Amino acid sequence: MKSVLSDKHFHNEQAAYDFVEARLWPNGPVCPHCGGVERISKMGGKSTRIGAYKCYQCRKPFTVKVGTIFESSHVPLRHWLQAIFLMSSSKKGISSNQLHRTLGCTLKTAWFISHRLREAMRITGATPLGSAGKVVEADETFIGRLKGQKKGKAAWAHKNVVFTLVERGGEARSFHVDGVRVADLQVHMEQHLSHETNLHTDELAAYKYLGKEFASHESVAHSKEEYVRGEVHTNTVEGFYSIFKRGMKGIYQHCSEKHLHRYLSEFDFRYSNRIALGVDDVVRAERALKGVVGKRLKYRTTH
């Protein structure tokens with residue numbers, strides 16, 4: 001049986017450029033400087049770098065890497081494609097140490113590659129979750145420990161708080177929030193949920209107020225050992241958290257408060273493009289590749 005990683009674009013630089021160009025420029029080269037598409041030609045010559053084009057409207061050279069997370073990177077494009085596939089196909093993630101060993105790059109480079117890929121996986125311009133007849137589950141969890149914070153009366157006082165919305169049979173969207181008060185959750189629910197949605201939650205007090213904005217609101221009382229009542233439950237979002245926590249504790253082991261939102265983007269992306277929705281590893285990796293445009297992340301931004 002042929003391995004997916006034996007495909008030519010994972011091992012040949014020209015093939016890697018051809019692969020990326022075919023997906024980011026389906027209708028031909030587009031100048032990232034001026035947006036021109038007509039007066040563009042491929043540059044030739046022995047000293048010309050692979051994949052170089054010149055736009056004769058703005059007179060500037062470019063490659064498919066300009067304006068993407070690949071820009072100004074000295075990592076071969078074929079290694080980027082390997083990293084995209086590995087991160088996209090690993091259910092609980094892949095550590096920077098593992099990427100460093102697999103790609104043969106430094107640990108610092110592998111760490112930066114993984115953060116840029118998480119940026120590519122970040123959802124942008126998405127429509128609200130749920131609609132008439134659809135169920136969205138909302139829940140919150142606590143992970144890690146805030147630097148310098150001591151344990152307080154609230155269970156989450158010294159921890160990072162994560163809030164997640166999961167549409168049954170659909171996508172997940174997670175947010176790093178300050179707490180579990182109405183003000184902490186309201187902005188995300190208003191922005192990411194359709195008002196026609198049927199909302200299912202646990203008995204957190206904030207949901208009693210927030211649930212009034214939706215078609216219906218049902219909750220289960222976990223404190224009374226009620227986990228399912230007919231079709232009412234939060235098992236879907238808790239299933240998402242089980243994968244997230246296994247990845248964060250077992251693969252990544254430590255995550256600073258500053259970078260948590262990027263890890264959430266990674267787990268949301270894989271969940272929202274899972275096998276159950278008809279998305280296999282190859283398609284998922286291609287969807288991640290299409291997200292690289294316009295999301296350049298510089299090293300100093302991550303520190």
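Figure 1. Let's start with strand E6, residues 172–177, which is mostly covered: five of its six residues are buried. This is a predicted model, so keep that in mind for every view here.

**Figure 2. The five-strand sheet around E5 and E6.** Zoom out a bit and E6 turns out to belong to an open sheet of five strands, in the order E6-E5-E4-E7-E8, with mixed pairing. Which strands stand at the edges? They are E6 and strand E8 (216–219); each has a single partner strand, so one side of each is left without a neighbour in the sheet. From one strand to the next, the twist averages 20 degrees. Two helices pack on this sheet. Helix H5 (residues 182–192) touches E5, E6 and strand E7 (198–201), and its direction makes about 155 degrees with that of E6. Helix H7 (residues 235–252) touches strand E4 (135–143), E5 and E6, with its direction at about 35 degrees to that of E4.

**Figure 3. The three-strand sheet, E1-E2-E3.** Here three strands make an open sheet in the order E1-E2-E3, with antiparallel pairing. Strand E1 (40–42) and strand E3 (60–62) are the edge strands; each has a single partner, so one side of each has no neighbour in the sheet. On average, neighbouring strands of this sheet are turned by 25 degrees against each other, direction ignored. E1 is joined to strand E2 (residues 53–55) by three bridges, and the two run antiparallel. To spot the pairing, look for Ser41, which stands opposite Lys54 in E2.

**Figure 4. Thr63, tucked into a loop.** Follow the chain to the loop between E3 and H2 and you'll find Thr63. Is this residue buried or exposed? With a relative accessibility of 4%, Thr63 is under the 20% cut-off and therefore counts as buried. Leaving out residues up to four places away in sequence, Thr63 touches Tyr17, Trp25, Arg49, Ile50, Gly51 and Ala52.

**Figure 5. Helix H2 meets helix H3.** The axes of H2 (residues 77–89) and H3 (residues 96–103) come within 11 Å and cross at roughly 140 degrees. That angle makes H2 oblique to H3, and H2 passes H3 in a right-handed crossing. On the H2 side, the contact is made by His79, Gln82, Ala83 and Leu86; on the H3 side, by Leu99, Thr102 and Leu103. Sorted by class, the residues of this contact are four nonpolar, three polar and no charged.

**Figure 6. Helix H2 meets helix H9.** H2 also packs with helix H9 (residues 281–290), at an angle of about 120 degrees and with the axes 9 Å apart. The two helices are therefore oblique to each other, and H2 passes H9 in a right-handed crossing. H2 brings Leu81, Ile84, Phe85, Ser88 and Ser89 to the contact, while H9 brings Asp281, Val282, Arg284, Ala285, Ala288 and Leu289. What classes do the residues of this contact fall into? There are seven nonpolar, two polar and two charged residues.

**Figure 7. Helix H3 meets helix H4.** The axes of H3 and helix H4 (residues 107–121) come within 8 Å, crossing at roughly 115 degrees. That makes H3 roughly perpendicular to H4, and H3 passes H4 in a right-handed crossing. From H3, the contact takes in Ser96, Asn97, Leu99, His100 and Leu103; from H4, it takes in Leu107, Ala110, Trp111, Ile113 and Ser114. This contact has six nonpolar, four polar and no charged residues.

**Figure 8. Stepping back to the whole protein.** The protein has nine helices and 10 strands. Its C-alpha atoms fill a box of roughly 75 × 45 × 40 Å, taken along the principal axes. Of its 303 residues, 47% count as buried.

Note on methods
Residues are numbered from 1 along each chain as its sequence is written. This is a predicted model: local features need pLDDT of at least 70, side-chain atom pairs count only at pLDDT 80 or more; totals for chains, interfaces and linings use all residues. Side-chain values use heavy atoms; hydrogens and water are left out. Axes are lines fitted to C-alpha atoms, for helices over the stretch in contact, and angles run from 0 to 180 degrees between N-to-C directions. Helices (H or I, at least four residues) and strands (E, at least two) are DSSP runs, numbered from the N terminus. Angles under 35 degrees count as roughly parallel, over 145 as roughly antiparallel, 65 to 115 as roughly perpendicular and the rest as oblique. A crossing is left-handed if the near helix is turned anticlockwise from the far one by less than a right angle, and right-handed if clockwise. Contact means heavy atoms within 4.5 Å. Ala, Val, Leu, Ile, Met, Phe, Trp, Tyr, Cys and Pro count as nonpolar, Asp, Glu, Lys and Arg as charged, and the others, Gly among them, as polar. Two strands pair if DSSP finds at least two bridges between them. Buried means under 20% relative accessible area, exposed over 50%, partly exposed in between (1.4 Å probe, protein chains only).
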